[in-house]
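Reader: Please take one part of this model and go over it closely. I would like to know what surrounds it and how the neighbouring pieces are arranged.

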Amino acid sequence: MEHFLSNLGDLIAQNGATVVGVIVAFFMALFRTAQMHGKSDWLEALMCALFALGINGALSWLNFPSGIGILASGFIGYIGTVKFSRYIKEKLGMKE
């Protein structure tokens with residue numbers, strides 16, 4: 001158990017911005033759905049968190065600062081995966 005906590009602490013220290021971004025996206029989506037529908041949508045929040053994880057990874061691969069990843073993650077959590085995917089499809093010129 002001691003090694004697990006030590007390894008977990010090292011992982012969070014190395015990837016702190018990513019962890020914060022995913023958590024921000026999760027809770028933003030959770031609170032947004034609770035406000036809009038009167039109940040929290042855990043699946044939407046999980047999808048936003050996973051989508052934010054992917055975006056954060058892509059931005060770090062492109063050598064963007066970690067703060068940009070956190071900002072993008074919060075944005076994804078705020079607008080949601082459905083609206084964000086629709087926005088991306090429109091920008092890429094994809095028809096539904």
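Author: Asparagine 56 lies in helix α3; helices here are DSSP runs of H or I with at least four residues, strands are runs of E with at least two, and both are numbered from the N terminus. The model is a predicted one, in which local features need pLDDT of at least 70 and side-chain atom pairs count only at pLDDT 80 or more, while totals for chains, interfaces and linings use all residues. Residues are numbered from 1 along each chain as its sequence is written, and side-chain values use heavy atoms, with hydrogens and water left out.

Is asparagine 56 buried or exposed? With a relative accessible area of 5%, asparagine 56 is buried, because buried means under 20% relative accessible area, exposed means over 50% and partly exposed lies in between, using a 1.4 Å probe and protein chains only. Setting aside neighbours within four places in sequence, asparagine 56 is in contact with Ala17, Thr18, Gly69 and Ser73, where contact means heavy atoms within 4.5 Å. Leucine 71 is 15 residues from asparagine 56 in sequence, and their C-alpha atoms are 9.5 Å apart.

The axes of α3 (residues 42-61) and α4 come within 9 Å and cross at roughly 155 degrees; axes are lines fitted to C-alpha atoms, for helices over the stretch in contact, and angles run from 0 to 180 degrees between N-to-C directions. α3 and α4 are therefore roughly antiparallel, since angles over 145 degrees count as roughly antiparallel, those under 35 as roughly parallel, 65 to 115 as roughly perpendicular and the rest as oblique. On the α3 side the contact is made by Cys48, Phe51, Ala52, Ile55, Asn56 and Leu59, and on the α4 side by Ile68, Gly69, Ala72, Ser73, Ile76 and Gly77. By class these residues are eight nonpolar, four polar and no charged; Ala, Val, Leu, Ile, Met, Phe, Trp, Tyr, Cys and Pro count as nonpolar, Asp, Glu, Lys and Arg as charged, and the others, Gly among them, as polar.

Asparagine 63 is in the loop between α3 and α4, and at 69% relative accessibility it counts as exposed. The phi of asparagine 63 is near 65 degrees, a positive value in a residue other than glycine.

The axes of α2 and α4 come within 7 Å and cross at roughly 15 degrees, so α2 and α4 are roughly parallel to each other. α2 passes α4 in a right-handed crossing. In α2, Ala17, Val20, Gly21, Val24, Ala25, Met28, Ala29 and Arg32 meet Ser66, Ile70, Ser73, Gly74, Gly77, Tyr78 and Ile79 in α4. This contact has nine nonpolar, five polar and one charged residues.

Arginine 32 is found in α2 (residues 16-37). Arginine 32 is buried, at 13% relative accessible area. Not counting residues up to four places away in sequence, arginine 32 touches Glu44, Cys48, Gly77, Tyr78, Ile79 and Gly80. Its side chain makes a polar contact of 2.9 Å with the side chain of glutamate 44; a polar contact is a pair of N or O atoms within 3.5 Å, where within protein one must be able to donate a hydrogen and the other to accept it, and residues adjacent in sequence count only if both atoms are side-chain atoms.

As for the whole, the protein has five helices and zero strands. Buried residues make up 24% of its 96 residues. Of the contacts with a separation of 6 or more, 54% join residues 24 or more positions apart. The C-alpha trace spans about 50 × 35 × 20 Å along its principal axes.

Definitions and conventions
A crossing is left-handed if the near helix is turned anticlockwise from the far one by less than a right angle, and right-handed if clockwise.
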